[in-house]
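Let's take a friendly walk through a protein model, one piece at a time. Keep the picture open beside you as you read.

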Amino acid sequence: MSTHMSRRSFRKLLGGLGAVAFLLILVAVPLGLIWYLATAEHDRRVAVLNGGISASAIVTESSLLGRSCRFRYRFSAGGVQYGGGEGGCPLVTSHPVGSSLQVRFDPEDPDNSVAIGADLWPGWSIVPILVGLPILLLAGVAIYAVVRNSFRKSRPRR
């Protein structure tokens, strides 16, 4: 019994592994981009909370819509009205429309604000985890199948 693999079988193995790797890259690049953007959004929110100016805001919209929410607020800085609401889902139940809450805003860009107690991670940051893990599992199964099939065909028949 020989474990030697013919060149043809080896080429098929490499071709199969290459196809799986190509498909994995096609999925990994967008998922990586989504994760990068979510991390950048998180860092932006943290920077505003840590280095921003406090202001009192009035809640203008606060509602749950199934598994998502709508949360908006308005505040005044330098006599100008600004709005925000990103990451406000944890605040919906405790801050009805018309209530006040504390926000922090970037003094150089007051449109860039975060409510105290809001989520620091955007809701869509979970996508790479929910989609990526099953895809990695499927890629592992595909690689196993390609390698197993290739070795089966390379065995000498009796």
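Predicted model: local features only at pLDDT ≥ 70, side-chain atom pairs only at ≥ 80, totals over all residues.

A polar contact is a pair of N or O atoms within 3.5 Å; within protein, one of the two must be able to donate a hydrogen and the other to accept it.

**A serine with two partners**

Serine 62 is part of strand 1. Is serine 62 buried or exposed? With a relative accessibility of 16%, serine 62 counts as buried. A polar atom of its side chain lies 3.1 Å from the backbone oxygen of valine 92. The side chain of serine 62 also reaches the backbone oxygen of histidine 95, at 2.8 Å. If we set aside neighbours within four places in sequence, the residues in contact with serine 62 are Arg70, Phe71, Val92, His95, Pro96 and Val97.

Five of them make an open sheet in the order 3-2-1-4-5, and their pairing is antiparallel. The edges are strand 3 (80-84) and strand 5 (109-115), each of which pairs on one side only. On average, neighbouring strands in this sheet are turned by 40 degrees against each other, direction ignored.

Helix 1, residues 7-51, packs on the sheet and touches strand 1 (53-65), strand 4 (100-106) and strand 5. The direction of helix 1 makes about 95 degrees with that of strand 5.

How many bridges join strand 2 and strand 3? Strand 2 (residues 68-77) pairs with strand 3 in the antiparallel sense over five bridges. Within that pairing, arginine 74 has glycine 83 of strand 3 as its bridge partner.

Why is strand 5 described as largely enclosed by the rest of the structure? Five of its seven residues are buried, so the strand is largely enclosed. Asparagine 112 lies in strand 5, and at 13% relative accessibility asparagine 112 counts as buried. Leaving out neighbours within four places in sequence, asparagine 112 is in contact with Arg44, Val48, Arg104, Phe105 and Asp106.

**The disulfide**

A disulfide is a covalent bond between the sulfur atoms of two cysteines. The count for this model comes to one disulfide. Cysteine 69 and cysteine 89 form it, with their sulfur atoms 1.8 Å apart. The torsion about their S-S bond is about -95 degrees, so the disulfide is left-handed. Cysteine 69 lies in strand 2, while cysteine 89 sits in the loop between strand 3 and strand 4, so the pair ties together parts that are 20 residues apart in sequence.

**Accessibility side by side**

Residues under 20% relative accessible area are called buried, and those over 50% exposed, with partly exposed in between.

| Residue | Relative accessibility | Class |
|---|---|---|
| Cysteine 69 | 17% | buried |
| Cysteine 89 | 39% | partly exposed |
| Serine 62 | 16% | buried |
| Asparagine 112 | 13% | buried |

Note on methods
Residues numbered from 1 in each chain as written. Heavy atoms only, no water. Pairing = 2+ DSSP bridges. Helix = DSSP H or I, 4+ residues; strand = E, 2+ residues; numbered from the N terminus. Axes fitted to C-alpha atoms, helices over the stretch in contact; angles between N-to-C directions. Contact = heavy atoms within 4.5 Å. Buried < 20%, exposed > 50% of the residue type's maximum accessible area, 1.4 Å probe, protein only. Disulfide = S-S within 2.5 Å.
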